[in-house]
Amino acid sequence: MSPRPVTVRTDLPLGAAARLLARHAVTALPVVDDRARIVGVISEADILARACLTDPVGTAMSKVVALVHPETDIAELRDVFTRTAVKSMPVVDAADQVVGMVSRSDLLRAFAHDDETLEQEVADVLARARVSGCRVQVRNGIVQLTGLGPADDAHLAAVLDAVVATPGVVAVRAG
């Protein structure tokens, strides 16, 4: 899962959304309302199908075909990706606020790494970040970090981003 994904609002011009897709090397962006709740998805295909890049995203976005929650397991992700044509989908919390995006490639990375190897790789990431006393458990590519300990928000965010970016990691839970 990609944490803290770039989101767009319905009034953003399609040309600006296209630049964001290219800059962040993603195929789709979640579209959110003024309370950061998911209202749709704008994809490369949605933009390519439009002639006027000054039109707002809201006129071209797709309705959300599928979304998942942080606790969604790998088997359910696989089921959603095989049942639908979506290549990526929003990850939302209980308030329907976007907390990430998960893609087919995220899922494939999970299949490419066994949990034991991934545990060691995450432990190495934590060691490089000078995090000690944290227990790492991995099940189906989902990393559980226990005892992460107090840290300033910026350092903790950087550590979690590094863990999420580890190939094979599908999701991260801290607590």
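Predicted model: local features only at pLDDT ≥ 70, side-chain atom pairs only at ≥ 80, totals over all residues.

Modeller: Residues are numbered from 1 along each chain as its sequence is written, and side-chain values use heavy atoms, with hydrogens and water left out.

Colleague: What makes the protein chain as compact as a globular protein of its length?

Modeller: The protein chain has six helices and nine strands, where helices (H or I, at least four residues) and strands (E, at least two) are DSSP runs numbered from the N terminus. Its radius of gyration is 17 Å, close to the 16 Å that the globule rule gives for 175 residues, so the chain is as compact as a globular protein of that length; the radius is taken over C-alpha atoms, and the rule is 2.2 Å times the number of residues to the power 0.38. Along its principal axes, the C-alpha trace spans about 55 × 35 × 30 Å.

Colleague: Why is Leu14 called buried?

Modeller: Leu14 has a relative accessible area of 0%, and buried means under 20%, with exposed over 50% and partly exposed in between (1.4 Å probe, protein chains only), so Leu14 is buried. Leu14 is found in helix H1, and leaving aside neighbours within four places in sequence, it is in contact with residues including Ile42, Cys52, Pro56 and Ala60, where contact means heavy atoms within 4.5 Å.

Colleague: What covers the buried residues of H1?

Modeller: The buried residues of H1 (residues 14-24) are Leu14, Gly15, Ala16, Ala17, Leu20 and Leu21, and their cover includes strand S2 (8-9), strand S3 (28-32), strand S4 (38-43) and helix H2 (44-48).

Colleague: How do you know that the buried residues of H3 are on the same side?

Modeller: In helix H3 (residues 74-83), Ile74, Leu77, Val80 and Phe81 are buried. They cover an arc of only 120 degrees around the axis, which puts them on the same side of H3; the arc is that of the directions from the helix axis to the C-beta atoms. Thr82 and Arg83, on the other side of H3, are exposed, whereas the cover of the buried residues includes strand S5 (88-92), strand S6 (98-103) and helix H4 (104-112).

Colleague: Why does Val163 count as buried?

Modeller: Val163, in helix H6 (residues 153-164), has 0% relative accessibility and therefore counts as buried. Leaving aside neighbours within four places in sequence, Val163 is in contact with Val122, Val125, Leu126, Val143, Val169 and Val172. Val163 and Glu121 are 42 residues apart in sequence and 8.9 Å apart in space, C-alpha to C-alpha.

Colleague: Why are Asp96 and Asn140 called partly exposed?

Modeller: Asp96 has 36% relative accessibility, and therefore counts as partly exposed; Asn140, at 33%, counts as partly exposed as well. Asp96 is found in the loop between S5 and S6 and has a positive phi of about 60 degrees although it is not a glycine. Asn140, in the loop between strand S7 (135-139) and strand S8 (142-146), is likewise not a glycine, and its phi is positive, about 55 degrees.
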